[in-house]
Amino acid sequence: MTSVALGVTDGMTLFELAIPCTIFGPGNPEAAEAGYELKICAAPGARVGGWLRSETPHGLEDLAEADTVIVPACDDALDHPPAELVEAVRAAHRGGARVASICTGAFVLAAAGLLDGRRATTHWMHTRKLAESYPEVEVDPGVLYIDDGDVLTSAGQAAGIDLCLHMVRSDHGVTLANTLARRLVVAPHRAGGQAQFIAGPLPGGDGGGPGEGRYGLSGLLDETRQRLDEPVTVAELARRANMSLRHFSRRFMAVTGTSPLQWLLTQRIRRAQELLETTDNSIERIAEQVGMGTATTLRRHFNRVVGISPTAYRRAFTESRGLGRTRARRPGLTQTSDRP
């Protein structure tokens, strides 16, 4: 992938448009080194953010020449996706382009028929509208982005950064994506399946609702994070929260937006990432420290959640810091594969 084109029409928002410009644009030395060539393809007189007029020699018909087409959020897309943009995106995909959307740009892809029979997402405020308007689309309201091969969709605003970094990672590997993330001062990788938002605030540390033990749910979660190396069951958490298992599971989902087991897995993976970045501990030792038990278990879950193996993750971070050669000679980093 080398050519990246943005489809711009009147009413597009500046933030979502700026994301791919920043990541793939000529002002980014890593993008230039990777061979990305960005062009803005706009309808005549298109205004961005309601006041910034686009001046570009490329019209929407030029989208068909790009390897990757990105459709940022558009104010009018919910009810009236711009017909000229819809047709241009459809033609680009028909010609073999990879097509991605940020936020409500998904409505343009849906109108073009590119999401029929596929999983897709958009900003959580508009997922119901997307599902009602395009019943052939399998809308997932709880994820940051979805990669369905030649068609990708993302949630709102910051999730567009995650999606663009994901595309860089897919094109050129984790090291370049991590380098770009450092330049942007953002997390190097947020898995697409991560929830868009937490459904409600955590209760205060002085105690939660009636009968929630001396800590409240917030205190319980903090304490559990400090004991990730110990075996933890949902039944034990419910007991410590002074709730029935069923009530605890419902309460946990309402507060955190996820299940107790999924939350616990996420915490263990995050802790493993921290240890991979900051220590020379072996994969086996890290698996023990985060409560995964064995290196095989850690590798399986880490690969599924993060998208790469623990060894590849560590190598990417050490290489981007100029430490790859030094750390590779240290004990515990000699394995050649993360496969069980």
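Phe 252 is buried, with a relative accessibility of 1%, where buried means under 20% relative accessible area, exposed over 50% and partly exposed in between, using a 1.4 Å probe and protein chains only. This is a predicted model, in which local features need pLDDT of at least 70 and side-chain atom pairs count only at pLDDT 80 or more, while totals for chains, interfaces and linings use all residues. Residues are numbered from 1 along each chain as its sequence is written, and side-chain values use heavy atoms, with hydrogens and water left out.

**Aromatic pairs**

A pair of aromatic rings is described by the distance of the centres and the angle of the planes. Rings of Phe, Tyr and Trp (for Trp, the six-membered ring) pair if their centres lie within 6.5 Å, and planes under 30 degrees apart count as stacked, over 60 as edge-to-face and the rest as tilted.

| Pair | Centre to centre | Angle between planes | Class |
|---|---|---|---|
| Phe 24 and Tyr 36 | 4.9 Å | 75 degrees | edge-to-face |
| Phe 252 and Trp 263 | 5.8 Å | 75 degrees | edge-to-face |

Because Phe 252 belongs to helix H10 (residues 245–256) and Trp 263 to helix H11 (residues 260–278), their pair ties together parts that are eleven residues apart in sequence; helices (H or I, at least four residues) and strands (E, at least two) are DSSP runs, numbered from the N terminus. Trp 263 is also buried, at 7% relative accessibility, and ring pairs join Phe 248, Phe 252 and Trp 263 into a cluster.

**Two loop residues**

Thr 9 sits in the loop between strand E1 (3–8) and helix H1 (14–24), and its 2% relative accessibility makes it buried. Apart from neighbours within four places in sequence, Thr 9 is in contact (heavy atoms within 4.5 Å) with Ala 43, Ala 46, Arg 47, Leu 60, Cys 74, Pro 82 and Leu 85.

His 58, in the loop between strand E4 (52–53) and strand E5 (68–71), is partly exposed, with a relative accessible area of 27%. When residues up to four places away in sequence are not counted, His 58 touches Lys 39, Ile 40, Cys 41 and Ala 42. His 58 and Lys 39 are 19 residues apart in sequence, and their C-alpha atoms are 7.4 Å apart in space.
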